[in-house]
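Here are my notes on this two-chain model, written for someone opening it for the first time. Have it on screen and follow along point by point.

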Amino acid sequence: MSRLLVCPPDHFGIEYEINPWMRMTNASDTKRSQVQWQGLIRTLEKEVGVQLKRMEAIPGLPDLVFTANAGIIAEGKAIPSRFRHPERQREEEYFEQWFESHGYQVIKLEPTLFFEGAGDLLGFSDVWFGGYRQRSDIRAYSRITEIFQKVILPLELVDNKFYHLDTCFCPLSGGELLYYPGAFDSYAQTVIESRIDKHRCLTVPPHEAERFACNAVCVNHHVVLPSGCPETMGLLEARGYKPHPVELDEFMKAGGSAKCLTLALD
Amino acid sequence: METETVTLQGHIIDSLILAKVLDSIVMLGGQFDLTDVNIGASREDSSFVKIQINTPTRELLEEILEAIQPHGATVEVEADCVLGVAPAEGVLPDSFYATTHLPTQVRIHGQWVDVKGSEMDLAIRVQKDPPSARMIPMADVKKGDLIATERDGVRVFPLERPKERDVFGFMDAQVSSERPYRHVIGDVARRMKNIKEIRQSDKCNKKVLLAGGPAIVHAGGREALAWLIESGFIHVLFCGNALAAHDMEASLFGTSLGYNLGIGRVVSHGHEHHLRTINRIRAVGSIQRAVESGLVKDGIMAACIRHEVHVVMAGTIRDDGPLPGVISDSIEAQAAMRAALPGVELALLVASTLHAVATGNLLPATVPTVCVDINPAVPTKLSDRGSFQAAGLVMDSSSFLRELAHELGWKG
């Protein structure tokens with residue numbers, strides 16, 4: 001059974017602005033965010049059938065809820081994130097503690113080598129892709145390549161609305177890719193097209209990309225994605241996937257959705 | 001010229017990161033040279049490259065660095081060059097830096113200093129105070145000299161493409177007898193004309209060098225070459241005992257290695273003519289005296305004496321005589337050739353494997369060079385030995401010299 005790390009939105013809120021989605025004036029509704037998060041958890045546990053690990057929310061760390069940015073985990077090793085923004089750097093010690101107390105071999109990057117975890121590093125079994133330029137530093141990938149002995153192809157993100165790779169790029173379990181080409185520079189688009197067969201690329205339309213249709217959690221043939229993305233659901237259904245739309249607009253106020261709220265532990 | 005070296009590593013090939021960085025450098029108006037390339041053996045392996053960026057201004061260099069750093073290009077930390085002490089006369093420290101014939105700098109006390117001279121396979125002698133550096137041959141090293149070792153703190157500048165859009169602008173050392181040669185000769189002639197005009201108007205020291213072998217005389221290129229010298233198109237001549245001997249044999253006996261140049265037949269006892277020639281020149285003491293006394297009336301050597309062409313004759317172990325003036329100590333001959341090179345702006349290496357390769361070794365890569373030989377192995381050998389700037393021309397030396405002279409106005 002797949003396992004995911006989540007963190008309840010007990011202290012979630014818009015307390016600073018570090019991406020174009022965040023507006024201090026557009027405060028989140030605490031009760032609504034709790035309800036939406038519980039809806040996501042229910043879908044993941046009951047409908048998708050994953051096992052969830054919950055970490056404790058910490059006051060003053062509103063974005064700790066986005067566990068995708070805790071770090072990257074593979075082969076029993078965990079590389080904790082090194083956040084670009086000081087506002088999120090305070091989360092690093094809590095994620096590190098969680099990894100250490102749960103038996104992972106923690107490998108730390110040097111503090112100035114920005115790397116925002118599974119938010120920017122995603123992949124298939126044979127090749128990983130690393131988003132850079134907005135948050136993570138491309139140099140982190142040559143270090144991580146050494147640690148995991150994996151091919152990592154860096155992709156330049158050129159639209160700050162899609163500031164992490166997982167906001168515009170979602171590898172699916174059957175080898176297809178759900179993605180939004182407009183978030184990438186032309187070199188990255190060429191790299192994606194050369195690595196993934198054309199008929200396996202599911203291109204999300206711009207208006208659904210902006211609803212974070214690509215910020216989806218794929219486990220086996222289940223895909224949990226934000227609601228309001230009917231064309232993307234159609235693309236997924238045509239390939240035999242079962243989409244599970246979940247209302248998550250409270251978290252979109254901070255620039256995150258289903259995928260940002262989870263971290264794969266296996 | 002401003003320069004900086006950056007490194008790039010990771011999966012930079014399949015991800016097109018290397019292509020993106022190189023494209024950025026060129027699009028912004030810089031030039032690059034990949035000074036170290038280590039491509040992963042398989043798709044899974046990382047690659048590493050070192051890129052030297054060259055720009056005309058510091059501002060452009062800064063702009064390029066700012067543009068490529070987000071893609072992982074990391075400015076290399078610069079170090080001073082590592083110095084070793086020469087342990088004995090003529091002996092370099094074991095890990096000495098072996099030079100190329102490209103413009104080179106060394107870093108001394110945090111400052112990049114031009115290395116004087118530009119010749120392949122030498123060492124760099126460094127003086128710390130005031131900071132200066134010069135390329136020197138192994139034989140000239142003195143015990144205790146400070147010599148650049150390893151590769152840190154040494155940088156080499158790739159050749160800029162010449163502004164002229166002629167055969168030298170392509171830097172194409174490919175050699176083939178199948179390629180047309182007329183445009184090459186036309187380009188060489190244009191350069192020679194330019195140099196002659198500049199010498200006349202500016203009284204500057206620009207020179208054309210010809211290094212040649214005796215086949216020039218045997219094959220019938222003697223008159224054309226003599227005319228080129230007399231007309232002020234050639235200012236330095238490198239040759240051996242044989243070219244001078246056969247040229248003067250032609251003047252004295254009308255033969256070259258015993259063949260009558262007019263009728264093309266061996267004449268009776270003709271094989272002795274070059275020995276008798278050498279003997280007569282030895283008797284008068286020098287080629288100069290032989291020409292001035294009227295013993296040698298015409299030909300290449302006579303033209304050189306009359307037009308004050310700087311001649312260096314380097315001997316070999318098969319020489320007869322040799323003629324007076326032939327330097328039979330190879331190291332001394334190298335030094336004499338080296339001393340004649342400042343100001344050389346065009347080099348013609350014609351019909352001599354030995355002198356072509358020896359001259360190629362001494363020439364900086366910045367000197368446009370043409371190697372003419374009927375045997376394709378000669379220009380190929382020259383480029384294999386590192387003189388990549390040399391344009392190769394597979395043709396008979398006499399045809400080359402005659403066509404070149406005709407291009408420049410010879411009526412012969």
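**Notes on the model**

1. Start with a helix pair in chain B: helix α3 (residues 182–202) and helix α13 (residues 397–407) of chain B have axes that come within 9 Å and cross at roughly 55°. That makes α3(B) oblique to α13(B), the label for angles that are not under 35 degrees (roughly parallel), over 145 (roughly antiparallel) or 65 to 115 (roughly perpendicular). Axes here are lines fitted to C-alpha atoms, for helices over the stretch in contact, with angles from 0 to 180 degrees between N-to-C directions. The crossing of α3(B) and α13(B) is right-handed, meaning the near helix is turned clockwise from the far one by less than a right angle.

2. Who touches whom in that pair? B:Ile185, B:Gly186, B:Val188 and B:Ala189 of α3(B) make the contact with B:Phe400, B:Glu403, B:Leu404 and B:Glu407 of α13(B). Two residues are in contact if their C-beta atoms, placed from the backbone, lie within 7 Å. The residues split into 5 nonpolar, 1 polar and 2 charged; Ala, Val, Leu, Ile, Met, Phe, Trp, Tyr, Cys and Pro count as nonpolar, Asp, Glu, Lys and Arg as charged, and the others, Gly among them, as polar.

3. A word on what you're looking at. This is a predicted model, in which local features need pLDDT of at least 70 and side-chain atom pairs count only at pLDDT 80 or more, while totals for chains, interfaces and linings use all residues. Residues are numbered from 1 along each chain as its sequence is written, and chains are lettered from A and ligands numbered from 1 in the order in which they are written.

4. Another pair in chain B is helix α6 (residues 241–253) with helix α7 (residues 273–284), packed at an angle of about 95° with axes 9 Å apart. That makes α6(B) roughly perpendicular to α7(B). On the α6(B) side, the residues include B:Ala245, B:Met248 and B:Phe253, and on the α7(B) side they include B:His273, B:Ile278 and B:Ile281. By class, this contact has 6 nonpolar, 4 polar and 2 charged residues.

5. For the overall picture, chain B has 13 helices and 20 strands, and chain A has 8 helices and 15 strands. These are DSSP runs numbered from the N terminus: helices are H or I with at least four residues, strands E with at least two. Buried residues make up 42% of the 412 residues in chain B and 48% of the 266 residues in chain A. Buried means 20 or more other C-beta atoms within 10 Å of the residue's own, exposed 12 or fewer, and partly exposed in between, with C-beta atoms placed from the backbone.

6. Where do the chains meet? 13 residues of chain A are in contact with 15 residues of chain B. On the chain A side, α4 (139–148), β8 (152–156) and α5 (186–195) each give two or more residues, and α4(A) gives the most, with 4 residues.

7. Last, the largest nonpolar core has 95 residues, and A:Cys168, A:Ala216 and B:Leu8 are among those touching the most other members. Such a core is a set of buried Ala, Val, Leu, Ile, Met, Phe, Trp, Tyr and Cys residues joined through C-beta atoms within 7 Å.
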